[in-house]
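Reader: I would like to go through this structure with you, beginning with the overall fold and then turning to individual residues. Shall we start?

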Amino acid sequence: MDAKFMLNGLTRELRLFLLLFVIVLTAGVTVGIIYLGSTSEMKMSGIEDHYKGSVVENEYDIPEKYPRSVKDLLLTTHNHLISLSMVFLLIGGLFSINSMISGKLKWFLIYEPFVSILLTFGGIWGLRFVHPIFLWITAISGVLMYVCYYIMAAVCIWELSTAKK
């Protein structure tokens with residue numbers, strides 16, 4: 001690929017613009033993880049309670065969390081499929097023109113989040129309505145999605161901030 005179409009070959013002004021964008025995007029993604037932590041306590045049982053509702057010991061107990069309705073799940077799934085697709089389109093597009101990582105690893109990091117988005121948000125439906133095993137699918141795919149994001153963002157930030165042009 002032509003060097004001027006690589007992150008480190010861009011003009012100083014464009015690199016600064018993209019660097020600021022990636023930093024703000026990463027802040028937004030991180031706030032989303034913090035929100036997830038506040039609703040699930042970053043525990044498997046917290047994720048399960050968030051979607052399936054809290055377990056009550058007897059008929060007089062009031063659940064701490066109620067099961068998510070189909071309407072709630074549709075809204076959550078709709079919003080996340082669209083917004084995360086855009087997030088990974090943008091970060092993946094920038095990452096695709098980095099000069100630090102190439103080959104199969106580069107393309108795995110770009111493609112994998114799209115699979116994880118489907119598995120994560122399909123998994124919450126499976127968790128809510130099918131079987132508790134979907135909790136593991138949701139958690140593993142979610143972690144993998146965010147690991148890919150942070151690797152791509154870190155490479156982009158590094159390359160955009162250290163180029164000598």
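Predicted model: local features only at pLDDT ≥ 70, side-chain atom pairs only at ≥ 80, totals over all residues.

Reader: What box do the C-alpha atoms fill?

Author: Along the principal axes, the box is roughly 70 × 25 × 25 Å.

Reader: And what about burial and surface?

Author: Of the 165 residues, 38% count as buried. The accessible surface is about 10,100 Å², and carbon and sulfur atoms account for 71% of that surface.

Reader: How many positive and negative side chains are there, and how far apart are the centres of the two sets?

Author: There are 13 positive and 12 negative side chains, with the centres of the two sets 15 Å apart.

Reader: Let us move to residues. Where is serine 141 found, and is serine 141 buried or exposed?

Author: Serine 141 is in helix α5, which spans residues 134-162. Its relative accessible area is 4%, which is under the 20% cut-off, so serine 141 is buried.

Reader: Which backbone oxygen does the side chain of serine 141 reach?

Author: The side chain of serine 141 reaches the backbone oxygen of isoleucine 137, at 2.7 Å. Leaving aside neighbours within four places in sequence, serine 141 is in contact with Ser116, Leu119 and Thr120.

Reader: Which helix holds threonine 120, then?

Author: Threonine 120 lies in helix α4, residues 103-129. Threonine 120 is buried too, at a relative accessible area of 8%. A polar atom of the threonine 120 side chain lies 2.7 Å from the backbone oxygen of serine 116.

Reader: What does threonine 120 touch, not counting residues up to four places away in sequence?

Author: Threonine 120 touches Thr138, Ser141, Gly142 and Met145.

Reader: Changing topic to backbone angles: what is phi of glutamate 41, and what is phi of methionine 42?

Author: Glutamate 41 has a positive phi of about 60°, although it is not a glycine. Methionine 42, likewise a residue other than glycine, has a positive phi near 55°.

Reader: Why point those values out?

Author: Most residues other than glycine have a negative phi.

Reader: Where are the two placed, and are they buried or exposed?

Author: Glutamate 41 is in the loop between α1 (12-40) and α2 (44-52), and the place of methionine 42 is also in the loop between α1 and α2. Glutamate 41 counts as exposed at 54% relative accessibility, and methionine 42 is exposed at 52%.

Reader: Which residues is phenylalanine 21 in contact with, leaving aside its neighbours within four places in sequence?

Author: Those contacts are Leu90 and Leu94.

Terms used
Residues numbered from 1 in each chain as written. Heavy atoms only, no water. Buried < 20%, exposed > 50% of the residue type's maximum accessible area, 1.4 Å probe, protein only. Areas by Shrake-Rupley, 256 points an atom, 1.4 Å probe, with all protein chains shown as cover. Lys, Arg positive; Asp, Glu negative; His and termini not counted. Charge placed at Lys NZ, Arg CZ, Asp CG, Glu CD. Helix = DSSP H or I, 4+ residues; strand = E, 2+ residues; numbered from the N terminus. Polar contact = N/O pair within 3.5 Å; in protein donor to acceptor, adjacent residues only side chain to side chain. Contact = heavy atoms within 4.5 Å.
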